[in-house]
Amino acid sequence: MTTGSIPLAAVIGSPIAHSLSPRVHGYWLRKYQIPGYYIPIGLSRDHFAKGIDALVRLGFRGVNITLPFKETALAFADVITDEAALIGAANTLTFRKDGRIQADNTDGYGFVANIRQKAPEWSARVAPAMVIGAGGASRAIISALLGEGAPEILLVNRTRSRAEMLAEHFGARITVVDWTHAPAAMAGIGTLVNTTSLGMEGEPPLNIPLDHLPRGALVTDIVYTPLQTPLLIEAEKRGCQTVDGLGMLLHQAVPGFESWFGIRPEVDDALRDEVLGK
Ligand code: ATR
């Protein structure tokens, strides 16, 4: 039995029920009239390897990888993009026709593409950026900001040692700043990014005063539930331009869809509405 030419892809994680990726890819499959499917697959840690192997055998074109498998996924790849290697995690696997598994990380791409779409005049080059948080999302965003030519990244994390580890990994353009010194260090920055879960529904807000944040700075958040986080609301009150985090999720899906289904899909307002259930 064979699925023949029906293109198949999936997202693998645990838990997986709340993943929005099936909605994103499902929307594009319909929009571009591609007779394919994109499905969520929940796997326990013990079954990740067998799961990937099974999908390759079943003829899947590739998968998105989400928590907790983003680091594990790198170990399964035969080919690793520079981006995935630098971040140390993969969110996109492509099962190539030559039988090799290629790992990529498109989170940093999604981060930049989202800002570019909403604030086309933004440039990382003009001033230092401040990144709050030092987890997996922070790694992708730091890598993207460095790639965009940020002259300096001020890295703030509750647990300073984790920020120091990232500074060592990414090199001289990273300056670790104490959580308590973050407000004063905002003077002169051009970009402020929250990469922690603070501000998410059910979580406390990110309580860092913005009194020193320049009005010309762009502020963005990886949290997108709610779309307008307390941080973005405060930043807007100061007159700063803000970009919500939903677009990062949408844009990071673009390279995977293109490599599996052959069309580079567009991120538009109809997709945002679809994902928001409007
Ligand atoms: P992800 O991969 O999604 O970035 P993570 O690796 O668990 O997730 O990282 C979560 C980030 O949010 C970390 O920077 C974490 O700070 P610590 O390194 O000090 O744990 C940050 N974070 C989570 N909850 C926080 C809180 N209540 N206050 C401050 N920072 C918090």
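I count as a polar contact any pair of N or O atoms within 3.5 Å; within protein, one must be able to donate a hydrogen and the other to accept it, and residues adjacent in sequence count only if both atoms are side-chain atoms. The model is predicted, so I kept local features only at pLDDT of at least 70 and side-chain atom pairs only at pLDDT 80 or more, while totals for chains, interfaces and linings use all residues. Residues are numbered from 1 along each chain as its sequence is written, and side-chain values use heavy atoms, with hydrogens and water left out.

I looked up the ligand oxygens and found one 2.8 Å from a polar backbone atom of Ala134, and an oxygen 3.0 Å from a polar backbone atom of Gly136. For Thr159, a polar side-chain atom lies 2.5 Å from a ligand oxygen. The protein covers 70% of the 640 Å² of accessible area that the ligand has on its own (Shrake-Rupley method, 1.4 Å probe).

**Ligand shell.** The residues around the ligand include Asn157, Arg158, Arg162, Trp179, Thr196 and Leu198. I noted that the shell divides into four nonpolar, six polar and two charged residues, with Gly counted among the polar ones.

**Thr220.** Is Thr220 buried or exposed? I found Thr220 buried, with a relative accessible area of 3% (buried means under 20%, with a 1.4 Å probe and protein chains only). Thr220 lies in strand 11, residues 218-221 (strands are DSSP runs of E, at least two residues, numbered from the N terminus), and its side chain reaches the backbone oxygen of Val243 at 2.8 Å.

Notes: Near = heavy atom within 4 Å. Helix = DSSP H or I, 4+ residues; strand = E, 2+ residues; numbered from the N terminus. Buried < 20%, exposed > 50% of the residue type's maximum accessible area, 1.4 Å probe, protein only.
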